[in-house]
Amino acid sequence: EGGGEEEGEEENEDNNVDDEDELKSVIKERRRAVTQFIVQAAKLIAPKIEKAFVDGFDYVIEQLRTSQDYMDVASDMEISKAVYFLKQKNVEEAKRTLLAFDKKDHKKHDATTLSRAHTNLCFIYFLEGDYKNADHYGTLSIKADKGDRYNAKALVNKGNCEMQKGKVLEDKEHFDEARDQYENAKELYMEGIGVEADCVEAIFNLGLCKRTMARLEQRLGNMEEYKKQLRAALQAFEKLYSILPESPECNYNIATIYDELSAVGAGTQEGMEMMRKASLWYKRLIAQVKSDAGVLARYGNLLAREDDETMAYNFHLESYRYYPVDMDVISWLGAYFVKSEMYEKAMQYFQKAAQIQPKEVKWMLMVASCHRRIGAYTQALRTYEDIEKKHPDNIECLNYLVRICKELGMKEKVSEYQNKLSKAEKNSQQLVMMTQQRMDEGARAQQHGGFAEPSGMGGGRENYQGYGEFNAMQDIGGGGGGGRIDTDSAAQRAVAERAAQGGAKKVIKKGHKDDDDDWGDDELGDDLLPM
């Protein structure tokens, strides 16, 4: 019997503990609700109770600090004050307010408040491009206390810092280290999603991280890994779509990922399915952003790959209407009309391109070519002469001048331009030899661990920008118009390579005209100039 009484007493004690725990949880919940009301009320009145909003915040914070029970609310109001500075675009005062948390006794602030302050500092420094300080405060925001690992925004900010480190390493071609940094960023984003399953910032940045990792693998030629990372990015954005179905950024990423996958699988059943899905998502996106020139141009390119030239033209033209200085769109429209043998219309776009890039000789060469193809030889001659004045060493232009002067019976001009052509070709061969010599010296210097002294070559001819067979413009990164570098050495290598190959070009369209022009019906090369 005694044993039974003891068990009964133990059960009563357990019930008392349970009751006490439940009571505590109710008290905590009520206090949390009261605190939330106080914070909301303080945020509403602080900017309005004084002439200067700063004075209003300072008064509210001072009053809250008079009560020991609301010190955490006072700290929260200090962060709200910093955020208000940001809304007023006063970044320096916002940073000063947040940095004050580091100067004060950390015991006055709980870990959550410190984490929020550091998270905001990380965010501000990252936007300012101060990645060193951003990374410092990003680390503090998740390491000050175990509880800080439950701050999803802090984890996202730290992940962004790791992504930036990876991009710097990738630019330096330290690909293995860059891959490790991207992997670290991915883990932080995943942890943020684990803390807050619907944290859209974490999901979105995870998708961007996977796309960046995919491009790295593509750059290294790991196509299977490239496709794997793209599909992982697609999975992230599709999850985000379930949360934010009306987000243009989300729809854009889904459309472009399907677009990339369709390009990788071109000619296969899977590639065709990816292209169909990309088309569907582009239509959804265009319904949201009807005037986005970049999206219209991308969809136009997809339609061109589907051999729907008419619709591709319509979307490129619409893109041009909204943004008439996109060189990719202008060159596509010009090429479209050249292939359609509508040279007068093509000329309009090439002339527009020449206005945008006046130092790029290829556009005026295309204009002159269009003049020739419609039989306007006098205008073509005048255009070539203008090009020759600005680019006297352009071998392609001189070649055409010799030919057109022969056709027009201008013997004196033929002799003049033939001499200039011979001189330009001789200079080109000399530059090829000098360039090769410099390359050989550099290779020998690297073998001996030294540095090659520059040969006696003067400054490069900055104005030389040949095109076609003698192209001195090297594309870096495949962009349209951006990231290009003018180099004479590339021009001379192109001369030598073309000479060795007999000047062959890949044919994209064959035009035919029943007239007496013996070279106006030349086949067109990739450069859209006659062969």
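Trainee: Where is the place of Lys95?
Mentor: Lys95 lies in helix H4; helices here are DSSP runs (H or I, at least four residues), numbered from the N terminus. This is a predicted model, in which local features need pLDDT of at least 70, side-chain atom pairs count only at pLDDT 80 or more, and totals for chains, interfaces and linings use all residues. Residues are numbered from 1 along each chain as its sequence is written, and side-chain values use heavy atoms, with hydrogens and water left out.

Trainee: Does Lys95 count as buried or exposed?
Mentor: Lys95 counts as buried because its relative accessibility is 10%. Buried means under 20% relative accessible area, exposed over 50%, and partly exposed in between, with a 1.4 Å probe and protein chains only.

Trainee: And what is Lys95 in contact with, leaving aside neighbours within four places in sequence?
Mentor: Lys95 is then in contact with Leu121, Ile124, Tyr125 and Glu128, where contact means heavy atoms within 4.5 Å.

Trainee: Changing topic, which value of phi does Lys89 have?
Mentor: Lys89 is not a glycine, yet its phi is positive, about 60°. Lys89 sits in the loop between helix H3 (71–87) and helix H4 (91–103). With 74% relative accessibility, Lys89 counts as exposed.

Trainee: What about phi of Glu173?
Mentor: Phi of Glu173 is also positive, near 65°, in a residue other than glycine. Glu173 belongs to the loop between helix H7 (152–171) and helix H8 (175–195), and at 52% relative accessibility Glu173 counts as exposed.

Trainee: Next, the helix pair: at what angle do H11 and H12 pack?
Mentor: Helix H11 (residues 248–264) and helix H12 (residues 269–288) pack at about 155°, with their axes 8 Å apart. Axes are lines fitted to C-alpha atoms over the stretch in contact, and angles run from 0 to 180 degrees between N-to-C directions. H11 is therefore roughly antiparallel to H12, a term for angles over 145 degrees.

Trainee: Which residues of H11 and H12 meet?
Mentor: Among them are Tyr252, Ile254 and Tyr258 in H11, which meet residues of H12 including Met274, Trp281 and Leu285. By class, the contact has 12 nonpolar, five polar and two charged residues. Ala, Val, Leu, Ile, Met, Phe, Trp, Tyr, Cys and Pro count as nonpolar, Asp, Glu, Lys and Arg as charged, and the others, Gly among them, as polar.

Trainee: What covers the buried residues of H12?
Mentor: The cover includes helix H10 (223–243), H11, helix H13 (293–305) and helix H14 (309–322). Met275, Ser279 and Ile286 are among the buried residues of H12.

How values were computed. Helices (H or I, at least four residues) and strands (E, at least two) are DSSP runs, numbered from the N terminus. Angles under 35 degrees count as roughly parallel, over 145 as roughly antiparallel, 65 to 115 as roughly perpendicular and the rest as oblique.
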